[in-house]
Amino acid sequence: MIDRNAKVLLIYTGGTIGMVENAETGALEPFNFSHLYANMPEIKRLKFNVETYLFDPPIDSSDMSPSIWQHIVHVIEDLYNEFDGFVILHGTDTMAYTASALSLMLDNLTKPVILTGSQLPIGKLRTDGKENLITALEIAADKDAAGRPIVPELCVYMQNLLMRGNRTAKINANNFSAFTSPNYPYLGEAGLNIRYSSQFILKPDYTKPVYFNYAMDPHVVILKLFPGISGEVVRAHLEIPGLKGVVLETYGTGNSPIYPWFTDLLQEAIRREIVIVNVTQCLYGGVEMHRYENGQRLEKLGAVSGHDITTEAALTKLMILFGEGKTPAEVNRLMPVPRRGELTVRG
């Protein structure tokens with residue numbers, strides 16, 4: 001049920017959705033998003049109030065960083081009591097990273113925060129941006145019979161699908177169906193109506209306030225394994241000055257080489273209290289280190305299972321846990337524990 005009195009804040013950070021084509025070079029460039037209503041008269045037909053906050057200059061999603069995530073959270077915190085929901089327009093290339101970070105920075109969220117964007121600029125005739133934006137705005141204003149938001153969590157809405165933000169992955173650079181939620185059910189699907197799967201939506205504790213967390217430590221890295229990876233490559237990652245955590249992208253259910261040089265390097269890193277989180281390179285499924293001998297070896301060394309967490313969520317969770325001042329032992333303990341529904345632990 002759309003609340004006619006609802007107020008939704010539209011936060012434009014940048015991205016393809018707000019681009020126009022330069023007639024001379026053919027390159028996509030930001031247009032003045034204050035002209036949103038001229039480019040999208042459909043917004044005037046919504047039955048609730050939409051206000052805008054613009055990042056100036058707009059940010060290409062390739063330039064996304066923890067400081068920008070903190071800026072977005074500041075905007076939401078400053079205006080949290082004034083609005084019923086928030087829609088963030090964002091470039092698709094790093095949207096899964098931003099969604100993962102914000103979901104963990106906004107603890108006990110009691111209002112919808114929906115990220116959306118597009119594969120084609122909003123001024124293009126065949127753009128996917130208009131439907132994505134209009135539906136995201138409606139979801140942000142949607143309430144149940146008790147007057148509470150239907151989706152009080154951080155989500156991504158793209159091409160008819162509403163997904164938990166920290167479960168998303170971009171899977172296609174060319175198609176409108178660019179995102180999926182490989183290891184968690186969709187929270188909703190938009191057709192003639194928006195159909196919500198309420199059993200999968202996080203339920204906040206309304207007796208407690210939302211907590212805005214800005215603590216982030218960038219001293220983390222992703223190390224993706226590949227056949228033929230050399231000791232020099234692994235050592236270059238593990239000996240980065242100040243390094244605190246590594247997202248180790250392994251094969252299948254969490255397997256890695258067991259060459260002596262490789263295990264020695266990992267063991268030395270763990271001895272230096274660097275947290276190693278084992279995530280699978282596979283889009284679907286998760287880490288089960290006990291299944292094969294090579295995985296068991298990683299487990300014995302002290303690598304932490306990421307279960308079915310995405311690389312994006314694992315990386316941002318490490319940043320936040322270390323930013324909060326957690327010790328390596330505490331980070332090891334907390335990484336496999338769901339914080340905002342970012343992973344599922346199975347027997």
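Helix α3 spans residues 95–105 and contains Ser103. Helices are DSSP runs of H or I with at least four residues, strands are runs of E with at least two, and both are numbered from the N terminus. The model is predicted: local features need pLDDT of at least 70, side-chain atom pairs count only at pLDDT 80 or more, and totals for chains, interfaces and linings use all residues. Residues are numbered from 1 along each chain as its sequence is written, and side-chain values use heavy atoms, with hydrogens and water left out.

Is Ser103 buried or exposed? Ser103 is buried, because its relative accessibility is 4%. Buried means under 20% relative accessible area, exposed means over 50%, and partly exposed lies in between (1.4 Å probe, protein chains only). A polar atom of the Ser103 side chain lies 2.8 Å from the backbone oxygen of Ser100. Setting aside neighbours within four places in sequence, Ser103 is in contact (heavy atoms within 4.5 Å) with Leu154, Asn166 and Arg340.

Now the sheet. Four strands form an open sheet in the order β15-β16-β17-β18, with parallel pairing. Strands pair if DSSP finds at least two bridges between them. The edge strands are β15 (220–224) and β18 (304–305), each pairing on one side only. Strand β16 (residues 245–250) runs parallel to β17, and six bridges join them. Gly245 has Val275 of β17 as its bridge partner. Val246 stands opposite Ile276 in β17.

How many residues of β17 are buried? Six of its six are. Both faces are covered. Val275, Val277 and Val279 are buried on one side. Ile276, Asn278 and Thr280 are buried on the other.

The loop between β17 (275–280) and α7 (293–301) holds Tyr284. Tyr284 counts as exposed because its relative accessible area is 51%. Together with Ile171 and Leu283, Tyr284 makes a nonpolar surface patch of about 290 Å². Patch residues have over 30% relative accessible area and no salt bridge; like charges are joined within 9 Å, and nonpolar side chains (Val, Leu, Ile, Met, Phe, Trp, Tyr) within 5 Å. Accessible areas come from the Shrake-Rupley method with a 1.4 Å probe.

Charge pairs come next. Side chains of opposite charge can pair when their charged atoms come close. A salt bridge puts a side-chain nitrogen of Lys or Arg within 4 Å of a carboxyl oxygen of Asp or Glu. The whole structure has 13 salt bridges.

One of them joins Glu153 and Arg164, with N to O at 2.9 Å. Glu153 sits in the loop between α4 (129–141) and β8 (154–158), and Arg164 in strand β9 (residues 161–164), so the pair ties together parts eleven residues apart in sequence. Glu153 is buried at 1% relative accessibility. Arg164 is buried too, with a relative accessible area of 3%.

Glu324 and Arg339 form another salt bridge, their closest N and O atoms being 2.5 Å apart. This pair links distant parts of the chain, 15 residues apart: Glu324 is in the loop between α8 (311–323) and α9 (328–334), and Arg339 is in the segment after α9. Glu324 is partly exposed at 26% relative accessibility, and Arg339 is partly exposed at 27%.

Glu288 forms a salt bridge with Arg291, with the closest N and O atoms 3.9 Å apart. Glu288 is partly exposed, with a relative accessible area of 33%. Arg291 is partly exposed, with 46%. Finally, a network of salt bridges links Arg167, Asp308 and Arg346.

Note on methods: A polar contact is a pair of N or O atoms within 3.5 Å; within protein, one must be able to donate a hydrogen and the other to accept it, and residues adjacent in sequence count only if both atoms are side-chain atoms.
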